[in-house]
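Work through the following exercises with the sequence and the model side by side. Each task is followed by a solution that goes step by step.

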Amino acid sequence: MFLLLASSCKKEENNPDAIKDGDGNVYTSITVGTQIWLVENLKTTKYNDGGSIPLVIDDPAWENLATPGYCWYENNETSNKSTYGALYNWYAVTTGKLCPTGWHVPTDDEWTTLITQLGGEAEASGKLREAGTAHWNSPNTDADNSSKFTALPGGFRQLSGNYVNKGEFGVWWSATEDNLSSDSAWERYLVYDYNNAYRGSDLKNLGFSVRCIKN
């Protein structure tokens, strides 16, 4: 068994088509309509050019940050990295180097395309969310993950630095600034007890999950 496992790992490491971030984490992808998305939330601590993304643990430092930064929910990498990925502020998104090479953070329009392909805001959430209550709180309304997107409720980091709503909310940045407020950018969020896929505008120094879409 060990020899088979080692052989499998070696094959993956040597696969030139593997989708890898700046840390070498490997991702899988799905096709939804006309788009190709990563299945997992981003969990890199490095840009795709090898540069390090600042880890910001201190609450006041996070609140006052106007430059790129990331964190792990409740500052617990061990419990959250593998399943939920990291939380990034929008300044990290705008570097254009966050996703694996050949991929990018989706624009607001690209998120709209995804939601439209899945039936619109009133129907898409259940098709996006992982089914069951292993990660989402009950009742995880109408979730069947029929899109295979496997959205997870990683929660988010507030302006104050507090971590909230893991199990209840999944929130993902878009790469699009809110043209009515230079302090805010567009995001999408899913909730455990509603079947709507919501669009919102939030302050750029909040910490949200990131999904990547193929160029």
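**Exercise 1: a charged side chain and its surroundings**

The side chain of Asp178 makes a polar contact with the side chain of Ser201 at 2.7 Å, a polar contact being a pair of N or O atoms within 3.5 Å, of which, within protein, one must be able to donate a hydrogen and the other to accept it, while residues adjacent in sequence count only if both atoms are side-chain atoms. This is a predicted model in which local features need pLDDT of at least 70 and side-chain atom pairs count only at pLDDT 80 or more, whereas totals for chains, interfaces and linings use all residues. Residues are numbered from 1 along each chain as its sequence is written, and side-chain values use heavy atoms, with hydrogens and water left out.

Task: determine which side chain of opposite charge is nearest to Asp178, and how far away it is.

Solution: begin by locating Asp178 in the loop between β10 (169-177) and β11 (184-191). Asp178 is buried and has no salt bridge, for the nearest side chain of opposite charge, Arg199, is 7.0 Å away; buried means under 20% relative accessible area, and a salt bridge needs a side-chain nitrogen of Lys or Arg within 4 Å of a carboxyl oxygen of Asp or Glu.

**Exercise 2: a pair that does form**

Task: find what Glu177 forms with Lys204, and where the two residues lie.

Solution: Glu177 and Lys204 form a salt bridge, their closest N and O atoms being 2.4 Å apart. The pair links distant parts of the chain, with Glu177 in strand β10 and Lys204 in the loop between β12 (198-203) and β13 (213-214), 27 residues apart. Finally, Lys204 is buried, with a relative accessible area of 6%.

Notes:
Helix = DSSP H or I, 4+ residues; strand = E, 2+ residues; numbered from the N terminus. Buried < 20%, exposed > 50% of the residue type's maximum accessible area, 1.4 Å probe, protein only. Lys, Arg positive; Asp, Glu negative; His and termini not counted.
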